[in-house]
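Here is a friendly first tour of this structure. Have a look at it, then read on.

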Amino acid sequence: MSIDTYKYANGKECYVLKYKYEKPQNYEIWIDKDTGLPIKEVRREAEKSFFEGTNVVKKTGDMISEYKYEFRTVTDDDVAVPDLSAYEIINYTRNMEDLINN
């Protein structure tokens with residue numbers, strides 16, 4: 001893949017990765033330079049509509065996905081380990097013959 005540096009709409013610097021040998025370059029992914037997270041994915045001419053009852057392409061369109069991340073939103077309550085003391089753990093052992101015959 002080829003890697004270029006661009007400024008995204010919000011002014012942040014991003015890496016843009018494209019398939020180097022693909023002509024035309026129909027796929028690219030934008031990576032935030034600071035976080036390393038993807039922020040945009042572009043698939044050129046990925047959406048196609050056809051003339052009814054045929055395989056003839058009527059119209060093409062780009063499929064663009066933009067990603068949004070929210071940091072520092074998870075609280076301790078979100079990842080608290082539940083109280084499992086009210087549960088009883090029972091171990092069942094079965095021999096191989098039981099598994100084959102059933």
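## A first look

The chain shows about 9200 Å² of accessible surface (Shrake-Rupley method, 1.4 Å probe), and 50% of that belongs to carbon and sulfur atoms. Keep in mind that this is a predicted model, where local features need pLDDT of at least 70, side-chain atom pairs count only at pLDDT 80 or more, and totals for chains, interfaces and linings use all residues. Residues are numbered from 1 along each chain as its sequence is written, and side-chain values use heavy atoms, with hydrogens and water left out.

Along the sequence, the pattern reads β-β-β-β-β-α, with helices (H or I, at least four residues) and strands (E, at least two) taken as DSSP runs, numbered from the N terminus. The 5 strands form an open antiparallel sheet in the order E1-E2-E3-E4-E5, where pairing takes at least two DSSP bridges between two strands. At the edges, E1 and E5 each pair on one side only.

| Strand | Residues |
|---|---|
| E1 | 2-7 |
| E2 | 13-18 |
| E3 | 27-32 |
| E5 | 57-66 |

E2 and E3 are joined by 5 bridges, and Cys 14 has Asp 32 in E3 as its bridge partner.

Now zoom in on Glu 28, which sits in E3. Is Glu 28 buried or exposed? Glu 28 counts as buried because its relative accessibility is 7% (buried is under 20%, exposed over 50%, partly exposed in between, with a 1.4 Å probe and protein chains only). Leaving aside residues up to four places away in sequence, Glu 28 touches Val 16, Leu 17, Lys 18, Lys 40, Glu 41, Val 42 and Arg 44, where contact means heavy atoms within 4.5 Å.
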